[in-house]
Amino acid sequence: MPVLHSLRRAAVVLLLAAATLYAAPARPAAADEPGWTAEPATGAASTAVRPYFYLAGAPGTVLEDRLALANTTDRERTITLRGADAYNTADGAFAVRPATPGAGAAAAAGAAGAGSWISFGTATTVKVPPRTRAVVPFTLTVPPASPPGDHPAAVIATEGGHEVGVRVHLRVGGPTLAALTVEDVAVRGRGAAAVIAYTLVNRGNVALTPELRIRAEALVGEPADPPRGRTPPVELLPGQRVELTEPWPGAPAFDRVRVTLTVTAPGGARAVATGTRWLVPWGLAGWTGGGLLGLGATTAAALYLVRGRRPEPGPAPAPGGPSAAGPTPPAPHHELTGAAR
């Protein structure tokens with residue numbers, strides 16, 4: 001009995017321990033909580049939040065701003081800072097270039113973008129104490145030969161594999177041009193999966209927020225138009241090319257369609273392009289292709305039979321020999337008196 005009582009008591013203790021562990025909330029991993037933030041610093045008399053940096057100046061000027069780093073944890077953070085060039089990905093998203101060795105040499109040669117114009121001086125690595133907000137100044141030096149217009153960039157803060165980017169909108173003084181083209185308009189897919197694909201290219205020197213209008217025409221019926229006007233969720237940076245699609249669930253099942261895209265943007269940018277395509281259901285396309293193949297096979301067989309029924313020509317007669325029609329009667333012989341022999 002004492003042994004049985006001891007076993008029951010041990011089982012109760014184990015159950016209570018398991019219940020305690022189950023009820024205790026799991027502590028998230030440190031990687032899931034970076035514990036620090038990076039954002040544009042506000043002035044002493046201002047409480048407005050700035051979502052990004054906006055800088056403007058003429059070529060050859062030096063611009064200044066400040067980055068705020070806030071450590072919300074109980075341990076010190078070591079954060080690395082750098083500038084980076086910005087670009088559009090193929091689908092239009094905003095992205096920044098990774099850190100590459102030799103960026104300083106590229107900037108001196110003028111090969112790099114506005115990201116290389118950003119400098120934190122000797123403060124490229126900042127130690128932020130626990131529960132502290134640090135403000136780090138930086139400069140952006142516009143090279144004297146910089147072309148006018150927008151030069152997208154970003155300030156990147158990195159610590160422990162976690163990276164935070166703050167956009168930098170830089171406008172270099174001088175003439176600006178808003179220009180774009182729309183290319184490669186095509187209808188892809190069928191039925192509810194049909195989409196209108198197109199490519200936008202920024203031909204100017206300022207960032208654009210394009211607005212799209214679509215008009216569809218059909219050879220036979222009246223197609224259900226896709227959305228006539230909308231603003232694609234993309235900011236098209238200067239010199240960038242993006243490939244976008246628009247859903248067209250109302251595309252006709254069997255018709256020849258012509259799609260016209262008109263793209264506009266603030267500043268007077270406007271472009272128009274068209275694309276055409278036959279939309280044929282897969283079943284009809286397969287039946288048509290099979291019918292054509294069957295017709296071709298039938299025609300080939302008929303030609304083969306016709307050729308097989310023709311008599312084959314006999315061998316050509318030998319020179320001077322009898323013809324195939326039989327012996328040739330001898331020609332009459334006339335002897336001329338006094339003729340030479």
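**Group meeting: strands, surface and confidence in a predicted chain**

The S1 and S3 pair is part of an open sheet of four strands, ordered S1-S3-S8-S6 and paired in the antiparallel sense. At its edges are strand S1, residues 36-40, and strand S6, residues 118-119, each of which pairs on one side only.

I turn next to strand S14. This strand, residues 211-218, pairs with strand S17, residues 255-265, through eight bridges in the antiparallel sense. Within that pairing, Leu212 has Val263 of S17 as its bridge partner. S14 also pairs with strand S15, residues 229-230, again antiparallel, here by two bridges. On that side, the bridge partner of Arg213 is Gly229 in S15.

The loop between S14 and S15 holds Val220. Is Val220 buried or exposed? Val220 counts as exposed, because its relative accessible area is 70%. Val220 also belongs to a nonpolar surface patch, together with Leu219, Phe254 and Trp278; the accessible area of the four comes to about 490 Å².

Now to the chain as a whole. Its secondary structure consists of three helices and 18 strands. Of the 341 residues, 30% are buried.

Two backbone angles deserve a comment. In general, most residues other than glycine have a negative phi. Arg131, although not a glycine, has a positive phi of about 50°. Arg131 sits in the loop between strand S7, residues 125-128, and strand S8, residues 132-141. With a relative accessibility of 58%, Arg131 is classed as exposed, because the cut-off for that class is over 50%.

Where does the other case, Asp184, lie? Asp184 is in strand S12, residues 180-188. Its phi is likewise positive, at about 55°, and Asp184 is not a glycine either. The relative accessible area of Asp184 is 53%, so this residue is exposed too.

Finally, I come to confidence. The mean pLDDT of the chain is 78, and 67% of the residues score at least 70. Which elements mark the two ends of the range in mean pLDDT? Helix H1, residues 2-23, has the lowest mean, 41, whereas strand S9, residues 149-150, has the highest, 98. For residues 1-5 the pLDDT is below 50, and this stretch makes zero contacts in the model beyond near neighbours in sequence. Residues 321-341 also have a pLDDT below 50, with two contacts beyond near neighbours in sequence. Where pLDDT is low, the predicted coordinates should not be read in detail. Thank you for your attention.

Methods. Residues are numbered from 1 along each chain as its sequence is written. This is a predicted model: local features need pLDDT of at least 70, side-chain atom pairs count only at pLDDT 80 or more; totals for chains, interfaces and linings use all residues. Side-chain values use heavy atoms; hydrogens and water are left out. pLDDT is the predictor's confidence in each residue, from 0 to 100. Contact means heavy atoms within 4.5 Å. Two strands pair if DSSP finds at least two bridges between them. Buried means under 20% relative accessible area, exposed over 50%, partly exposed in between (1.4 Å probe, protein chains only). Patches are made of residues with over 30% relative accessible area and no salt bridge: like charges are joined within 9 Å, nonpolar side chains (Val, Leu, Ile, Met, Phe, Trp, Tyr) within 5 Å. Accessible areas come from the Shrake-Rupley method with a 1.4 Å probe; for residues, only the protein chains shown count as cover. A salt bridge is a side-chain nitrogen of Lys or Arg within 4 Å of a carboxyl oxygen of Asp or Glu.
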